[in-house]
Amino acid sequence: MIPDTLLAQIRAGDAHYQIISELTGDVIFLADTEGRYTYFTTNVAGMCGYTPTDMIGQPMTALVHPHWRDRATQFYGDQLREYIEETTLELPVLTAQHDEIWVRLMVRLLLEENRPAGYLGVVRDITAHKQSIKEWDDHIQSLELLRHVNDELIYTLNLPYVLSVALDATVRLTGADAGAIHLLEDQGVRTVQVIGAFPPNLLNTYVDSNKGIVGRVLRSGEGELVLDAPNDPDYLALIPGMKAQLTVPLISQSQPTGVLNVLAKKPDRFTQDSFELVNMLAQRVAMVIDNARLYQESQEQLQELQELYGRVRGLEQIKTDMIRIAAHDLRNPLSNILSATYIMQTTLGDAPTDLQREMLDSIDQSVARMKKITSDILSLERIEELAQQPLKDIVELDSLIAQAIMDFERQASEKGIVLAQHDQPENIKVKGDSAQLGEVIANLVSNAIKYTPIGGSVTISLEAKEGQAIFEVKDTGYGIPEALQGRLFQPFFRAKTAETRSIEGTGLGLHLVKNIIERHGGQMRFQSAYGKGSTFGFDLPLVK
């Protein structure tokens with residue numbers, strides 16, 4: 001119990017407590033060391049729905065939410081045991097109407113002759129503050145979800161995946177119970193993706209663009225948030241129990257190409273904030289869908305071209321086979337003609353007439369021409385072998401390096417990159433095509449500058465060692481993660497990282513470089529550490 005002397009002082013200050021509580025809106029209470037209320041300011045009724053009389057004698061944890069009572073008990077007990085003079089705790093309490101509100105408890109331990117005599121506490125309603133924090137956190141999470149979805153979609157052209165990610169994100173943003181994406185096609189508006197309570201049997205069916213809220217949004221090109229959907233004159237009750245509908249258009253090149261449509265059983269699931277977020281998402285999704293559809297169409301066209309090319313190749317092969325067969329079959333008759341001509345020349349001896357000699361010479365010449373034609377036709381199959389013959393030109397690599405440095409010195413300087421060259425022996429020569437090897441060196445130097453940040457360095461070296469010309473370009477650039485290095489020389493592959501994602505390229509350069517080096521009888525050199533830099537180069541046999 002609170003000592004009588006202390007209690008008398010407190011009651012004498014009751015008027016002051018009431019004035020303070022009225023000015024601040026805070027509730028002030030007193031409790032004894034046993035943890036039971038002994039005093040409350042009258043405004044407790046406005047905060048919790050209980051009168052001071054209702055509260056006096058109740059334990060200090062009476063109104064605390066059941067899930068928080070153990071923590072509150074520990075809070076008061078620690079203060080009493082450890083003589084903590086003043087401390088604060090935020091926790092939820094239940095009102096007389098069973099509503100949950102959040103409060104901040106600021107409690108001071110009352111001492112009498114240096115011993116605990118009770119508690120003096122101030123209770124402040126922070127429900128609005130907590131709600132603001134929650135709304136802000138929810139908004140941040142929504143923006144983070146949008147960013148994550150954008151990262152997911154920006155590098156994919158798989159239409160079913162795009163649709164699935166977009167609809168899932170919309171449901172998560174809004175708390176919807178059902179959703180669908182409807183796309184405008186030549187045959188009409190088709191339901192291409194559904195989620196939640198949306199009937200699966202409606203997937204791949206067509207929507208009447210002249211009916212429903214979906215049709216209205218398609219025609220107007222403006223999104224709608226309908227919180228009392230059953231009373232909307234255009235509402236189509238496809239799913240029982242739905243009360244609210246949020247529908248936004250997918251706009252591409254200023255024209256609606258579809259709609260993103262979600263529904264909820266509780267109208268308060270949809271807010272103006274979530275409506276605006278879904279509009280932001282729809283803008284991005286519309287662009288990605290457009291790209292994915294274009295890619296899908298191009299893939300279908302490519303498939304048709306490949307099938308057509310296959311048929312053309314088949315016809316070409318038939319034609320080639322027929323020509324080869326004909327050429328081969330002509331060889332025997334031509335040999336027979338030559339044999340008959342020889343016999344005729346032998347039989348006539350030295351006395352052929354001018355006409356006979358002229359006719360025999362004509363036959364010889366015609367047969368020779370025919371043999372040459374058939375021989376050339378049969379030699380066509382050797383063209384591939386001729387194309388693979390080794391290159392014989394002598395190429396001075398140091399001259400190609402000097403040209404590359406001259407070509408890229410300005411580009412390096414503009415980025416503040418030091419483009420250096422190690423001292424190297426002169427007249428290092430290899431066999432090959434000067435233009436192609438020049439392209440290889442230029443490509444490797446250009447890549448090093450491109451993937452090195454401002455203030456870095458690119459160093460070129462060339463040496464002759466054990467019968468090989470060894471060329472290397474070493475940079476202090478972004479480097480390549482080990483997990484991506486295995487695919488580095490594949491066509492169209494780019495090792496994208498956070499640092500290099502915005503750098504333009506086709507992914508063909510290194511593939512072509514590798515092919516050229518291997519055609520010259522050499523091999524690529526490569527090593528890289530992510531965040532530290534890379535070294536690219538090649539080995540080629542020296543001219544003996």
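How many salt bridges does the structure hold? Keep in mind that this is a predicted model, and in it you can find 14 of them. As background, side chains of opposite charge can pair when their charged atoms come close.

**Stop 1: a glutamate with two partners**

Select Glu 90 and Arg 104 and show their side chains. They meet in a salt bridge, with N and O 2.8 Å apart. Glu 90 belongs to strand S3 (residues 86–94) and Arg 104 to strand S4 (residues 100–112), so this pair ties together parts that are 14 residues apart in sequence.

**Stop 2: a bridge between two loops**

Next, select Arg 269 and Asp 177. Their salt bridge has its closest N and O atoms 3.2 Å apart. Where do the two residues sit? Arg 269 is in the loop between strand S11 (255–264) and helix H9 (272–348), while Asp 177 is in the loop between helix H7 (159–174) and strand S6 (178–185), so to speak a link between distant parts of the chain, 92 residues apart. Arg 269 is partly exposed, with a relative accessible area of 32%, and Asp 177 is partly exposed as well, with 23%.

Before you leave the charged residues, select Arg 216, Glu 224, Asp 232 and Asp 234 together: salt bridges link these four in a network.

**Stop 3**

Which element gives the largest share of the patch? Helix H6 (residues 127–154) does, with three residues. Leu 143 is found in that helix, H6, and Leu 143 is partly exposed, with a relative accessible area of 34%.

While the surface is on, take in the whole chain: it exposes about 32000 Å², and carbon and sulfur atoms supply 52% of that.

**Stop 4: into the core**

Hide the surface again. The largest nonpolar core has 36 residues, and those with the most contacts inside it are Leu 397, Ile 441, Leu 444, Phe 471 and Phe 538. Which elements each supply at least two residues of this core? Colour helices H12 (397–414), H13 (434–450) and H15 (509–519), plus strands S15 (457–465), S16 (468–475) and S18 (533–541), to see them.

Then centre on Phe 538. Setting aside neighbours within four places in sequence, its contacts include Leu 397, Val 440, Ile 441, Leu 444, Phe 471 and Ile 517. There is also a second, separate core of 32 residues, and among its members are Val 192, Phe 270, Leu 281 and Ile 289.

**Stop 5: two residues with a positive phi**

Select Ser 254, in the loop between strand S10 (244–252) and S11. Ser 254 is not a glycine, yet its phi is positive, about 65°. Is Ser 254 buried or exposed? With 66% relative accessibility, Ser 254 counts as exposed.

Glu 466 is the next pick, in the loop between S15 and S16. Its phi is also positive, near 50°, in a residue other than glycine. Glu 466 counts as exposed, at 77% relative accessibility.

**Last stop: zoom out**

Show the chain as a cartoon and you are looking at 15 helices and 18 strands. Buried residues make up 37% of the 544 residues. Of the contacts between residues at least 6 apart in sequence, 57% join residues at least 24 apart.

Finally, colour by pLDDT. The chain averages 82, and 86% of the residues score at least 70. Where does pLDDT stay under 50? Select residues 379–387, for which the model has one contact beyond four places in sequence. Where pLDDT is low, the predicted coordinates should not be read in detail.

Notes
Residues are numbered from 1 along each chain as its sequence is written. This is a predicted model: local features need pLDDT of at least 70, side-chain atom pairs count only at pLDDT 80 or more; totals for chains, interfaces and linings use all residues. Side-chain values use heavy atoms; hydrogens and water are left out. Helices (H or I, at least four residues) and strands (E, at least two) are DSSP runs, numbered from the N terminus. Buried means under 20% relative accessible area, exposed over 50%, partly exposed in between (1.4 Å probe, protein chains only). Contact means heavy atoms within 4.5 Å. Accessible areas come from the Shrake-Rupley method with a 1.4 Å probe; for residues, only the protein chains shown count as cover. A nonpolar core is a set of buried Ala, Val, Leu, Ile, Met, Phe, Trp, Tyr and Cys residues joined through side-chain atoms within 4.5 Å. pLDDT is the predictor's confidence in each residue, from 0 to 100.
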